[in-house]
Each structure stands twice: as C-alpha cells, then as structure tokens.
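Biologist: I'm new to this one. Can you walk me through it?

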Amino acid sequence: MIPLSTRMRPDTLDGFVGQEHFLYPGSLLYNSIRNKTFDSAIFYGPSGTGKTTLARIIAREMDANFQEINASVTGTKELKEILDNAKLRLFGLQRESTFLYVDEFHRWNKLQQDSLLKALEEGVVRLIGSTTENPYFSINNAILSRVRSIYEFRRHTPDDLTRVLTRAMTDREKGLGKLNLNWDEEALRALAELSSGDARIALDTLGFIADNLEEGARIDLKVVGEAMQRQTGFYDKKEDKYNLLSALQKSIRGSDPHAAIHYLARLIEGGGDLQLIGRRLLVIASEDIGMAYPQAISIVTSCVQAAYMVGLPEARINLSQAVILLASCPKSNSSIRAIDKAMSDLRKKDIDDVPLHLKDSHYSGAKDRGIGLDYKYPHDYGGYVKQQYLPDNLHKEGVKYYEPTENGKEGAFKKFLEGLK
C-alpha cells in the first residue's frame, strides 16, 4: 500500500505548504519556477520538510526531463550513464534539458561529487541536491560555486502540519475523504505538534490511524496518543501548557533547577512544541536574569537555536542546558522594571521634546535652528561628560528608570554608574 505521505505529495506550487521564508507568490524562487528560469540549487534541511516534493514540482513546472537518484545507493558508473543520456537529450533532436535530483547528496565522496562538475559547467544538467547536513561542510566548494542558491528548509510549524493533515482528511481522491472518518480539531493539532515538524511522520501516522479504525469512527486525542505512544492530556486541557510554562518560569526565578527541569520534562512529554518553550526561555533570560548575568541571553539564544536545528528528542538536551543555567545564575528584574516604568510615563505624562543638543544635526540648516550646537561628545572627554539626556520635565523631576541590583555582574554595573557621579 502506498503511504499517505506519498499519496498526498502536492503536484503544484500552489499546493506546496511551508518554507514561506523563501517560497511565496512573488518571491524570486517562486518567480524563477513560474518563468522557467530556475537553475541549480542545494536544498538543505531536516527530513520531512518538502525537499523532494519541491524538486519534483520544479521539474514538472519546467517541462524538463527529471532524473531522481539517491547518493547512498548510486555510484559513479550509474551517474555517468545518466549524464550521457542527458547530453544526448540536450544536444540531440529532443533539445530537452535534464534536472538531476540527488537525494542525500552529502553521502557522495569528493571524487563522486566532482564527476558532476563538467556537466554543470556545460549546462548538460541542472542539479538539485538535497542534504540533511550543512552543505558548507559536506559539499565540495567546486560544486557550491556552480550552484546558484542554497535554500535552507525549516521544520514545519504546527500550523503548517495542521493544514496538511486537514487536507489529507478531506481529500477524496488521494487522501482519506472517502473513509467518512470523524475527527476532533484538537486531535489533528496534537498530531501536528507531536510530529516534530516532519510532514512525513504526521501523514504516515494519520494513515496508520485511518487504516486501523472502523468506517465512521472518530479520531480523538486518545487515538492520537495511542498511535504516537505519547500522553496527550496536555492537549485535553488547553490551560495546562500555560500552567506548566508559568511553573517553569517561577521555578527558574526561584533558583530551583530541580523543579525547573521537572516542568521542562512535563512540557516536552506533554507535546509542547519547541517554539513555545524556546520563546519563554528567551523572555526569562532578560526578565528574570537580565543584568545580573548579561551573557545568559546569548547562551540561551544559542541553546534555543540549537534545539530548533536538531529537533526532538535531542533538543531536550539543549533546552535542559538553558533551563539549568537560568535557574542557577544570579537574578535581576531591573530590565523589565526599567522599560515598564518608562512606558508607563509615556502613557500617563505629557513628555517634553527631545533636547535640542541631542537631535540629529547631520543636515544643512540644523545649526540655524540651534540643533546639536551644545552637544558634548563623551569620547572627547575621556569617555564621560556630564550633560542632560532626558527631556526637560523628566530631567527636572530627577526621573530614574534603571535601578541596578547588587546581584551577580550587575553589582559591577551599579558601581560603575555610581562612580560617574
């Protein structure tokens, strides 16, 4: 039986879902396919993100001969035969160009990759190579220099996968529409979030469920949980994710790494998607740690980005590092207090204009208006000179927004600022 993920592959650009950071109506890639000017490219990203699907759509839109091979099972001899046939097609009576799609391109060694160089230079083939590994490390520079673009495919968002699953449930020709199955929207959403951004996993799991339900049965959270072998109570009570996120943040704020890791584990096991968790950790790094350990935001950003890149289950390790760091380092909420106080003043007070000496004076006529005349350049005074920066009324009030704590690294910043006085 043909897997549901194979049956549901879209045939047109308009049916392609995801990768909207480079493929959308009016984008250069979209137009190059529509205008039949698409050239060679490398598709780079995790499995199940649409690399093969897009390559096949491109070949169909370009009205070209399409050859698809997998580098793990195709050697130099087979490649030479394909290139010879492509040369005959191009320079023979057919005058037809050939698109060569090489899946798992990184599995070829340098010699195998270099066997493509002449064909690429002569235009005998146009290459679409797909790889799950960073092409700048796994593909020869000689190949990269002859390829117009490298497109990085990202894991599908839960919204993307929910659209894909809903389409499969309603499509009567290629999908499951004829089975007359019923489904809960939250069940499809749970399946989308539990699939780690992989459309193949999402669709084939849905196909497995459909194949083993009676006609007219209902796909609910319990069925999805059984198919994925995961608990789905998280999705049964929509507030749970926010309760767990709240408990995670409060445990970090309270410097309890044990409790923080516990709630992280519950979020992951409950199917909380990486973006949901990652966004909260990035907020915590500035809201609760902030200036007490300014490096926290950089480290947490790296951990979150790494989690997005590797995906689950390995992403749990990156997120664990971020949570332990945040829970174990000094705390300060001076950053959020400062910006909230400043924004409160903007809403409640009539604020004076920017002082004349601080306004932009890089245009003719500025001096005639008295702009920038009295500005003192701090670097000309050894790095600091006393002058007014706040608007007049706030300066007269002696308003202060940033109140540094003595915690961690912030104590040094506090000492520096007090020393300026």
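Modeller: We'll go through a strand, a helix contact and some aromatic rings. Keep in mind that this is a predicted model.

Biologist: Start with strand 1. Which way do its residues point?

Modeller: Strand 1 covers residues 41–44. A41 and F43 point one way, I42 and Y44 the other, and all are buried.

Biologist: How many bridges join strand 1 to strand 5?

Modeller: Four, and the two run parallel. A41 has S149 as its bridge partner in strand 5.

Biologist: And what about strand 4, parallel or antiparallel to strand 1?

Modeller: Parallel, over four bridges. There, I42 stands opposite G129.

Biologist: New topic. At what angle do helix 9 and helix 11 cross?

Modeller: Roughly 30°, with the axes coming within 10 Å. The crossing is right-handed.

Biologist: Which residues meet there?

Modeller: From helix 9, L161, V164, L165, A168 and M169. From helix 11, A199, A202, L203 and L206. That makes nine nonpolar residues, no polar and no charged.

Biologist: Now the rings. How many aromatic pairs are there?

Modeller: Seven. One of them is F66 with Y101, stacked at 6.4 Å centre to centre with 20° between the planes. F66 is in strand 2 and Y101 in strand 3, so the pair ties together parts 35 residues apart in sequence.

Biologist: Is Y101 buried or exposed?

Modeller: Buried, at 0% relative accessible area. F66 is partly exposed, at 24%.

Biologist: Why is the pair of F105 and W108 called edge-to-face?

Modeller: Because the planes sit at 65°, and over 60 counts as edge-to-face. The centres are 5.6 Å apart.

Biologist: Which residues form the aromatic cluster with F43?

Modeller: F22, Y151 and F153.

Note on methods
Residues are numbered from 1 along each chain as its sequence is written. This is a predicted model: local features need pLDDT of at least 70, side-chain atom pairs count only at pLDDT 80 or more; totals for chains, interfaces and linings use all residues. Side-chain values use heavy atoms; hydrogens and water are left out. Buried means under 20% relative accessible area, exposed over 50%, partly exposed in between (1.4 Å probe, protein chains only). Two strands pair if DSSP finds at least two bridges between them. Axes are lines fitted to C-alpha atoms, for helices over the stretch in contact, and angles run from 0 to 180 degrees between N-to-C directions. A crossing is left-handed if the near helix is turned anticlockwise from the far one by less than a right angle, and right-handed if clockwise. Contact means heavy atoms within 4.5 Å. Ala, Val, Leu, Ile, Met, Phe, Trp, Tyr, Cys and Pro count as nonpolar, Asp, Glu, Lys and Arg as charged, and the others, Gly among them, as polar. Rings of Phe, Tyr and Trp (its six-membered ring) pair if their centres lie within 6.5 Å; planes under 30 degrees apart count as stacked, over 60 as edge-to-face and the rest as tilted.
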